[in-house]
Structures are given as structure tokens and as C-alpha cells.
Amino acid sequence: MIACDSDEMNMSNPVLVEVMRGPLLESRHRGAVAVADADGTTALAVGDIATPVFPRSAIKALQAVALVEQGAADRYGLGDEELALACASHSGEPAHVAGVERMLAKAGLDASALRCGAHWPISQAAAAALARTGAPSALHNNCSGKHAGFLCLARAMNADLGIDPADYWRPKHPVQRAVRGVLEDFTGAVLMQDCCAVDGCSVPTWAVPLQNLARAFARFGTGQGLSRERAAACARLRQACAQKPWYVAGTGRFCTAIMQLFGARIFVKTGAEGVYCGALPELGYGIAIKCDDGAGRAAEAIMAAVIARLLPLHAAEHEAIARYIRPVLRNWNGIEVGAMRVTDAI
């Protein structure tokens, strides 16, 4: 059982990333990192990994497990692109939008069924193009693929059990109860109501300690400790994301770049407020990261550093990932003005 009664950040977490401007230190990012295996044995612990945090979008792949496990993905003929979108925080680029429309159409639905809300595309290019012709819809929401997956599952439940799919996003709907069951199975945590809040896309989000999230992603990456059907669902989702990583994020995004670089060796997923989760299947490890100040740029650097520390890499891979561990900072004229660096705490 997880206690969620704290309203203060742990100020003892170490500085994990420093930001330099010229020769001087300009800012610091504190945080925590957990790496664990499928049994929950900790392989790396930095900072406070016991206090519950909201993983937000970092757990979308876990939220998609029931879609595959319960047969809805097969019922509606979802392929790798669509399953990757179900796990995605996509950039709202045209092919992302078209993919979500395709998912909905396969279930006999359209964008009016989505309850994730609308926002401008994450991609600046896509947002600028859209601004010339119209306004964003729910399809452009980075969570629309996840919601389309929920709707496919809800439609399948409606066909089999007569369950109304309209409230698929509400905590008491069978879709969200199924998601909660998956999260409890993977994390080993009993998710109490005082650990529940509302996510940016309106579905429930559950606070879980980093050590449990790392265990969850070790299980997602290996299938260890899961039923045969659940392990098969995880393998299918990992394969889809490895085959179609652009659909998980988009052009120029960290999640896409890392999975393009490493393929099935790595699964990574960003969440809001400086959370990142990932799996290293060949090592049997899951990774969970939280930056105290919610800085996504710092979380990306930390994830890159953890990957470089743990995963056997050849020289070209080391060179490729190094630019994420110590990214160069440039101003609007393209002039190099500083750099970020991961500290020795990792």
C-alpha cells in the first residue's frame, strides 16, 4: 500500500544536471533515479525513490496493455503504427493525426468521441501550418492516440458486454478499472484513492514511487512475473514502438531518436513534469526518473546518461548518445552559448 500524504518535494535529492552559460554555472536540476529488475530488486538508486510521484504520460505503454491483452487491437485490426500511437505523446504532425483518425474509424468512431481536449501541436512546424488553415482539435492533443486506444477497448467491451463506451475516461469505467489493475500488477503497489488525481487529458493518474515504476518497466521489458497473455501484449507493444518510433513522439523528439538509434534494445517514454521511464530488456532492467523542478530537458539528459552507464555500447553508439548527455545550448542566432551536463551522481 502506498501512502500519498506528502505535499512537499524532497529537498535532499542531489543535483543531477547542471546548466552552464559560458564558463559559469547558471542553473541546477535536482532529482531522483531508480533502476530495478522485475522482482523489484534495485540496481541503482539516486535520491528519494520511495516518495510517490505522478508518472503522467510516461506510463502510456502500460495503459495500452489492456487494449492488446483483451483482444480489442486484433478486433479492430490495429497495426504497429496504431499501437505505437496508443503509447504515444505525439507531436500532432499530419501523419500522427491521420493515424489517430484511422484508429477511430476502425472502431466506427470519429474525433467527436475523444475526451482528451484540444491543444496546439507540439511540433512548431505542424502548429504553424495548422494556424494558417484552422484551429486544433482533440486529434492534435498529444494524448489522442492513447484515448483512441481506450475507445477501441471501450467499443469492444460494448460489443461483448453492452458497456457504454462514452465515459471511457472516467475512473469508474471498466476501461480505467482495467488500466488500474494493470498498473497494480506491474508496479506491485496498491493504488489507493488518495494517490489519484486527474491527468492533463482527463483520465486518472496514480502516484507511484520511482522504485515501483522501475519494477513495472522491467516487467514491461521482459514479461517476467506476468501472465502469458500479459507478457505477449507487452512484447507486441514494444515491437510496435521499436518498428515505428516516430509515432511514439515525432520529428526531433528524444523518445523517437533513442528508439531509432537502439531499436528493440531500449524502450523510453517521456511524461510531464520531468518524468521519464524506460526499459532495457536485454539487461532485465526498468528505469524511472523524476526531476524535482519538472524539467523535461534535464530528464532526457539523465535518461541518456543512465542508458550509457548500463547498456553495452559500441563506439558509434557512445558518440550518438553523448550529445544527449551533454547537449550544446544555442541562442536564436545559432550561436553556442553553453551546455548542459549530467553530474557524477549518475
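This is a predicted model: local features need pLDDT of at least 70, side-chain atom pairs count only at pLDDT 80 or more; totals for chains, interfaces and linings use all residues.
Where does glutamate 273 lie? You will find glutamate 273 in the loop between β8, residues 267-271, and β9, residues 275-280. Its backbone deserves a look too: glutamate 273 has a positive phi of about 60°, although it is not a glycine.

Serine 202 is another residue to look at here. Serine 202 is not a glycine either, and yet it has a positive phi of about 90°. Its place is in the loop between β5, residues 196-198, and β6, residues 204-206. With a relative accessible area of 28%, serine 202 is partly exposed.

Now let's turn to the helices. Take helix α12, which runs over residues 296-310.

Helix α12 has a partner, helix α13, which covers residues 315-325. As background, two packed helices are described by the angle between their axes and the distance between the axes. For α12 and α13, the axes come within 8 Å and cross at roughly 150°. The crossing of α12 and α13 is left-handed. Which residues make the contact? From α12 they are Ala301, Ala304, Ala305, Ile307 and Ala308, and from α13 they are His318, Ile321, Tyr324 and Ile325. Sorted by class, that contact has eight nonpolar residues, one polar residue and no charged ones.

While we are at α13, have a look at glutamate 317, which is found in that helix. Is glutamate 317 buried or exposed? Glutamate 317 is buried, because its relative accessible area is 10% and the cut-off for buried is under 20%. Leaving aside neighbours within four places in sequence, glutamate 317 is in contact with Phe262, Arg265 and Pro312.

My last topic is the aromatic rings. How many aromatic pairs does the structure hold? The structure holds seven of them. One is formed by phenylalanine 150 and tyrosine 168; this pair is tilted, with 6.5 Å from centre to centre and 50° between the planes. Phenylalanine 150 lies in helix α7, residues 144-161, while tyrosine 168 sits in the loop between α7 and α8, residues 174-187, so the pair ties together parts that are 18 residues apart in sequence. Both partners are buried: phenylalanine 150 has a relative accessible area of 3%, and tyrosine 168 is at 0% relative accessibility.

Next come tryptophan 246 and tyrosine 247. Their ring centres are 5.0 Å apart and their planes stand at 90°, so this pair is edge-to-face. Tryptophan 246 counts as partly exposed at 22% relative accessibility, whereas tyrosine 247 is buried at 12%.

And one more thing to find on your screens: Phe217, Phe220 and Phe267 form one aromatic cluster.

Note on methods. Residues are numbered from 1 along each chain as its sequence is written. Side-chain values use heavy atoms; hydrogens and water are left out. Helices (H or I, at least four residues) and strands (E, at least two) are DSSP runs, numbered from the N terminus. The expected span of a helix is 1.5 Å times one less than its number of residues. Axes are lines fitted to C-alpha atoms, for helices over the stretch in contact, and angles run from 0 to 180 degrees between N-to-C directions. A crossing is left-handed if the near helix is turned anticlockwise from the far one by less than a right angle, and right-handed if clockwise. Contact means heavy atoms within 4.5 Å. Ala, Val, Leu, Ile, Met, Phe, Trp, Tyr, Cys and Pro count as nonpolar, Asp, Glu, Lys and Arg as charged, and the others, Gly among them, as polar. Rings of Phe, Tyr and Trp (its six-membered ring) pair if their centres lie within 6.5 Å; planes under 30 degrees apart count as stacked, over 60 as edge-to-face and the rest as tilted. Buried means under 20% relative accessible area, exposed over 50%, partly exposed in between (1.4 Å probe, protein chains only).
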